[in-house]
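Take a look at the sequence and the model below. Then read on for a short walk through the fold.

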Amino acid sequence: MKLFGFFGYSIVFLKALAEAWIDVVKRSFDGKIDPEVIEINTDINSLMGQVLLASSITLTPGTLTIDLDSENKILKVASISPRTKDEIVPFEPYIKKIFD
Amino acid sequence: MFDDIVLIIASIGILLASFRLWVEKDREKMVYARLHITGVIDIACIVILLVFKQYLLALTYLVLVPFSAHAIANADYFDELKKQ
């Protein structure tokens, strides 16, 4: 089960990475940048899982984790344009599978 | 040939991102926007390291990059000097 989670996470994360990279390069070209800061609730209980989630968000161009409240399971996330939670963290279910 | 194409695409990404970092004027939350754009450069650099078969260096880069971005964003968000 953990292996499936890791495999799924890797694929979804790499896909999100590629899409985000292309999107931010486009925005670098045309200048459509509208940064905003939002709060996201996460279902992941373990600290390692939350850290991996935060790091994955930051590694993806266009999203950036500013703060992580581990006990309340809240992340403060900066985004290069208005986005929904699912668009920011498509890989969360897989991380949950790995760590919880 | 595939390596060459990947290198060219990554280089174009770096050039476009650098251009935007250069011309974009200061405004609200622009620190985060700049960090987003340097994320493009970081990913491109990791890909280039993989193409040149520097796997250990690429892995190190991959692990350390998000933590430095975290630190910068967090420091800016909670900046006490700003409030004066």
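The paragraphs below go from a helix to a sheet, then to the domains.

This is a predicted model: local features need pLDDT of at least 70, side-chain atom pairs count only at pLDDT 80 or more, and totals for chains, interfaces and linings use all residues. Residues are numbered from 1 along each chain as its sequence is written, chains are lettered from A and ligands numbered from 1 in the order in which they are written, and side-chain values use heavy atoms, with hydrogens and water left out.

Start with helix H1 of chain A, residues 2-30. Helices (H or I, at least four residues) and strands (E, at least two) are DSSP runs, numbered from the N terminus. The expected span of a helix is 1.5 Å times one less than its number of residues. After H1(A) comes A:Gly31, with a positive phi near 80°.

Now the sheet. Chain A has three strands in an open, antiparallel sheet, ordered S1-S3-S2. Strands S1 (36-41) and S2 (63-69) of chain A stand at the edges with a single partner strand each, so one side of each has no neighbour in the sheet. From one strand to the next, the twist averages 25°. Two strands pair if DSSP finds at least two bridges between them. S2(A) and S3(A) (residues 74-79) pair over six bridges, in the antiparallel sense. In this pairing A:Thr65 stands opposite A:Val77 of S3(A). The hairpin of S2(A) and S3(A) has four residues between the strands, and there A:Lys73 takes a positive phi near 60°.

Next, the domains, whose bounds come from an automatic or database domain assignment. Chain A is divided into domain 1 (1-30) and domain 2 (32-99). Their C-alpha centres lie 13 Å apart. Each domain gives 17 residues to the contact (heavy atoms within 4.5 Å).

How much area do domain 1 and domain 2 of chain A bury between them? About 1,600 Å², 73% of it on carbon and sulfur atoms. Buried area is the accessible area (1.4 Å probe) that two parts lose on being put together, summed over both. A:Tyr9, A:Phe13 and A:Arg27 supply 36% of what domain 1 buries against domain 2, more than any other three residues. The count of salt bridges between these domains of chain A is zero (a side-chain nitrogen of Lys or Arg within 4 Å of a carboxyl oxygen of Asp or Glu).

Notes
Axes fitted to C-alpha atoms, helices over the stretch in contact; angles between N-to-C directions.
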